[in-house]
Structures are given as C-alpha cells and as structure tokens.
Amino acid sequence: MNAPLSLDADQARTRLAELTVVDVRTPGEYASGHVPGALNVPLDQLGRAVPELREAAARGELLVVCQSGSRSANACAQLAAHGIAVIDLDGGTSGWAARGHGLDRPAGAPAKPVWAMDRQVRLVAGSLVLLGLALGLLVHPAFQLLSAGIAGGLVFSALTNTCGMALMLGKLPYNRTAGRGAGGLDATLARLRQEA
C-alpha cells in the first residue's frame, strides 16, 4: 500500500475551499479549536462514517487531520483499506496553528481547551507508573507490577501504532463534549450527505 499524499499547513490553507476536511480527534479536542470548515469524525467512530466519506471522496479530495499527525495517519490507512483516497495534513492542527493559521471553535465550546490526547495519555501513564512505584515501596512490592504493565502497554502501543489508553480516555465525558450546536457524529454524517 502506498503512503497517503500529504500537504503542509500552507499548501492546505491555499486549497481549503476545495477540500473536505475531516478532523479525527475527540469531540472535546475538536471543540478546543480546529481547521476552519473541518468536520469531526472521531477516529474510534471512523468505520461508521465510511459510506459518507466514500461519497465525499468521490466528489472531491478529503484532507484528514488530527492534533499532530499520528491519528490522521492511522485514519488514512483505515480509509485506504476501504478504497478511499485521502490526503494527510502534515503536523496536524498543531502544525496549522504554528504556521499562524486561525482555528475555529464551535459555538458554546468550553472556554478551557481540552488537552490533546497524547498529552492526556502521557499524564495518565506517568501517574500510574509513579503510583505503582510508590505503592511498591510503601505498601507491597507487588504494586510495582502496575508500573511494569503500563511500560508493557506503552511498548505495545509503539509497536502496533495503536493506543488502548487513548481509546479509553476518549470515552470520558470531557473528551466527548463537542459543544452546543455541534450535533456530534450524526450531524456530521448528515452534513456529508447533504453536500452530495
């Protein structure tokens, strides 16, 4: 399988009007700021959106974006497996903002932005490792197995380019909140169908 095409933030900005932009971050991350015009299809629900994304790709090019590029690369691979041609945004939303391009926020989005998923994973993983070590020293050495389990999970995550912890964190309420008026995945799928 060939690597998906990619655009940097400046190239994408000049072509934004002709692209259908799909943001695969959690609704909470999306509400914190997204590429203008982007539609939110969380990575863990991408399979549900395949028919609509196939139709959208038949009408024009799809640009897939996440926070830094890892999840969008995963989404591009999943969509390519379904025969859907996509373009990946190099550097993701972070790269877009770093180039000075503005981000949109849905009406009613929380004032305090949600942390990017990779930052949430680092916080939880690091906290669990420290907790396992502290409990292993203060209570019983068997608690160190918690730290070993997290380390093993991180190695597995790197080798498979998946992250079970991110999937679990993505289900927390603050990651599911898309802001009033955003409507969630059903509204996004309806928008994709209406643009046909």
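**Close-up 1. Val64 of β4 and its partner in β5, in a predicted model.** Val64 stands opposite Asp88 in β5, and the coordinates shown here, as in every view that follows, come from a predicted model. The two strands β4 and β5 pair in the parallel sense, and two bridges hold this pairing in the count.

Close-up 2. Strand β2 (residues 20–23) runs parallel to strand β4 (residues 62–65), and the two are joined by four bridges. Within this pairing, Thr20 has Leu62 of β4 as its bridge partner, and Val21 has Leu63 of β4. Strand β2 is also joined to β3, again with the strands running parallel, by two bridges, and here the bridge partner of Val22 is Leu39 in β3. Both faces of β2 are covered, with Thr20 and Val22 buried on one side and Val21 and Asp23 buried on the other.

Close-up 3. Asp8 lies in the loop between β1 and α1 (9–15). Its relative accessibility is 32%, and Asp8 therefore counts as partly exposed. When residues up to four places away in sequence are not counted, Asp8 touches Leu89 and Asp90. Tyr30 is 22 residues from Asp8 along the chain, and the C-alpha atoms of Asp8 and Tyr30 are separated by 19 Å.

**Close-up 4. Packing of helix α6 with helix α7.** Helix α6 (residues 117–138) and helix α7 (residues 144–160) pack at an angle of about 155°, and their axes are 6 Å apart. Because of this angle, α6 is roughly antiparallel to α7. The crossing in which α6 passes α7 is left-handed. On the α6 side, Ala125, Leu128, Val129, Leu131, Gly132, Leu133 and Gly136 take part, and they meet Gln144, Leu146, Ser147, Ile150 and Leu154 in α7. Taken by class, the residues of this contact between α6 and α7 comprise eight nonpolar, four polar and no charged.

**Close-up 5. Packing of helix α3 with helix α10.** Helix α3 (residues 50–59) packs with helix α10 (residues 184–194) at an angle of about 35°, with 9 Å between their axes. Here too the crossing, in which α3 passes α10, is left-handed. The residues that make the contact are Glu52, Leu53, Ala56 and Arg59 on α3, together with Leu189, Leu192 and Arg193 on α10. By class, the residues of the contact of α3 with α10 divide into four nonpolar and three charged, with no polar.

Methods: Residues numbered from 1 in each chain as written. Predicted model: local features only at pLDDT ≥ 70, side-chain atom pairs only at ≥ 80, totals over all residues. Heavy atoms only, no water. Axes fitted to C-alpha atoms, helices over the stretch in contact; angles between N-to-C directions. Left-handed = near helix turned anticlockwise from the far one by under 90°. Contact = heavy atoms within 4.5 Å. Nonpolar A, V, L, I, M, F, W, Y, C, P; charged D, E, K, R; others polar. Parallel < 35°, antiparallel > 145°, perpendicular 65-115°, else oblique. Pairing = 2+ DSSP bridges. Buried < 20%, exposed > 50% of the residue type's maximum accessible area, 1.4 Å probe, protein only.
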